[in-house]
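User: Please take a close look at the salt bridges in this model and at the strands around them. I would like one connected account.

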Amino acid sequence: MPGTSDTAGSGAPDPAYTAAPARRVFVDPQGPVMVEGPIEIALEDGTVVRSDRFMVAVCTCRRSRTYPWCDTSHRRRARAVPPPEDGNP
C-alpha cells in the first residue's frame, strides 16, 4: 500500500526493508524504467550487474544491446519522407 511500510507479518517492520534507504523509480510507459542509483540487478542466469550512476535507465523492452541497461533501442525511427498516400510518386 502506498505510504505504508512492508511488515514481516508480526506487525514489526522487516529488517531487510528498514536497513536500506528507499530508491525512487520513474516509470515511462514509452521507454525505460529510471531508477535513482547506484543499483544492482540480479539477472535470470544468476549473475548480478551493477551501475554506480546517479540515475540508471533499465531496459523493459529487451531490444537493448546492453541489456539490462537501456540504449534507447525502444525508440522508433522516423521516416525522412512519408510514403505517398495514393500510391503515386
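Analyst: Glu 44 and Arg 62 meet through their side chains in a salt bridge, at 2.9 Å from N to O (a side-chain nitrogen of Lys or Arg within 4 Å of a carboxyl oxygen of Asp or Glu). The model is predicted, so local features need pLDDT of at least 70 and side-chain atom pairs count only at pLDDT 80 or more, while totals for chains, interfaces and linings use all residues. Residues are numbered from 1 along each chain as its sequence is written, and side-chain values use heavy atoms, with hydrogens and water left out.

The Glu 44 and Arg 62 pair links distant parts of the chain. Glu 44 lies in the loop between S3 and S4, Arg 62 lies in the segment after S5, and the two are 18 residues apart. Glu 44 has a relative accessibility of 74% and therefore counts as exposed (over 50% relative accessible area; buried is under 20%, partly exposed in between, with a 1.4 Å probe and protein chains only).

A search of the whole structure finds three salt bridges. Besides the contact of Glu 44 with Arg 62, there is a network in which salt bridges link Glu 40, Arg 50 and Asp 52. Arg 50 takes part in two contacts here: with Glu 40, where the closest N and O atoms are 3.4 Å apart, and with Asp 52, where the closest N and O atoms are 2.7 Å apart. Side chains of opposite charge can pair when their charged atoms come close.

How exposed are the members of this network? Glu 40 is exposed, its relative accessible area being 52%. Asp 52 is exposed too, with a relative accessible area of 57%. Arg 50, at 48% relative accessibility, counts as partly exposed.

Strand S3 covers residues 39-42 and strand S4 covers residues 48-51 (strands are DSSP runs of E, at least two residues, numbered from the N terminus). S3 and S4 pair in the antiparallel sense over four bridges (pairing needs at least two DSSP bridges between the strands). Arg 50 in S4 is the bridge partner of Glu 40, and these two residues also form a salt bridge. Five residues lie between the strands of the S3 and S4 hairpin, where Gly 46 takes a positive phi near 95°.

Other strands form an open sheet of three, in the order S1-S2-S5, with antiparallel pairing. S1 (25-27) and S5 (55-58) stand at its edges, each with a single partner strand, so one side of each has no neighbour in the sheet. From one strand to the next the twist averages 20° (axes are lines fitted to C-alpha atoms, and angles run from 0 to 180 degrees between N-to-C directions). Strand S2, residues 33-36, pairs with S5 in the antiparallel sense over four bridges. Within that pairing, Val 56 in S5 is the bridge partner of Val 35.
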